[in-house]
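Look at the structure shown here. The paragraphs that follow go through it one part at a time.

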Amino acid sequence: MLASGLIGDPVDHSLSAFMHNAAFEALGIDARYDLWHTKADELPNRIAALRMEGVLGANVTVPHKQAVISLVDEVSDTAERIGAVNTLIPRGGRLMGDNTDAYGFGRSLLELTDGAIPASALVVGAGGASRAVLVSLQNAGVAGIRLVNRTYATAQALAAALNGLDRPAIAAEPWSRLKNLAPAVQLIVNATSVGWHDDDLPFEAGIVSLLPPEAVVMDLTYRQTAMLRLASDRALRTVDGLPMLIYQGARAFELWTGQDAPIDVMTNAVRKAYARRS
Ligand code: ATR
């Protein structure tokens, strides 16, 4: 049986094992996915073990997504730009690092817009999750990307790190500009860590009412957040973070197995596990 799993600390909250084990079973692949709780000082040995026979691949989560870069043989362009690896693929004794979060976000976005690429986007939040979103938007060719963050300097540093000649520019804007930007955005993304409690809003509620009627609204949180509720009340198209989670997993599955991921099976497994938990 082939081994795969999630490397992180902690890992016990993860939904990935449900999704991948259901997919292996559905396709008759003799593999299993485990949660590999790994402390920082155990990381080099954990990574070395992935080069041995019988390993299908691995995912990496906090706090190791950056540290793992120096432990692999090759890093994809997307992972390098995001500055984080979430998927490891063994190939002939070598270990490749990729990042499927950007793909997961992009696919979730295109599903929401029926394949249309928004002309402009406003990303709120400038942490680790935001980086993958911004790279995904650049890869998709979204022309007007704005970034706001509670701490302005962090947004400025992130935009500067991701801007380059051959890709759409990201403009960092001060938080106070949110209300001026909202009326013209086609896509708004909550990439902050705010949204886990029913009344949690990353910004004042009035911002949602300023969005144009064709705007689409995405939240990386795995739940119907207050922001998504306000947007749904206005009949705007919305999606939470679960499809992004599923699609990043689907992409990892395809990189490991070379087979099309059974999206419906993975979606059912994640939704069932998530419902049981909440
Ligand atoms: P993740 O890995 O989920 O991106 P992170 O890297 O800790 O988590 O980033 C959290 C993001 O949420 C940051 O952009 C943070 O803003 P700051 O840079 O100002 O800290 C944002 N955030 C956290 N709490 C917030 C709050 N109460 N209001 C607005 N933004 C908040």
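Is Arg 32 buried, partly exposed or exposed? Arg 32 counts as partly exposed, at 44% relative accessibility; buried means under 20% relative accessible area, exposed over 50%, and partly exposed in between (1.4 Å probe, protein chains only).

This is a predicted model, in which local features need pLDDT of at least 70, side-chain atom pairs count only at pLDDT 80 or more, and totals for chains, interfaces and linings use all residues. Residues are numbered from 1 along each chain as its sequence is written, and side-chain values use heavy atoms, with hydrogens and water left out.

Arg 32 has a partner: Asp 34 forms a salt bridge with it, and the closest N and O atoms are 2.4 Å apart. A salt bridge here is a side-chain nitrogen of Lys or Arg within 4 Å of a carboxyl oxygen of Asp or Glu. Asp 34 is also partly exposed, with a relative accessible area of 23%. Another salt bridge joins Asp 73 and Arg 51, with the closest N and O atoms 2.6 Å apart. By this rule the count is nine salt bridges.

Now turn to the ligand. Among the residues that surround the ligand are Asn 149, Arg 150, Thr 151 and Pro 202; a residue belongs here if one of its heavy atoms lies within 4 Å of the ligand.

One of its oxygen atoms is 2.9 Å from a polar backbone atom of Ala 129. An oxygen atom of the ligand is 3.1 Å from a polar backbone atom of Gly 128, and for Ser 193 the corresponding distance is 3.2 Å.

Key:
A polar contact is a pair of N or O atoms within 3.5 Å; within protein, one must be able to donate a hydrogen and the other to accept it, and residues adjacent in sequence count only if both atoms are side-chain atoms.
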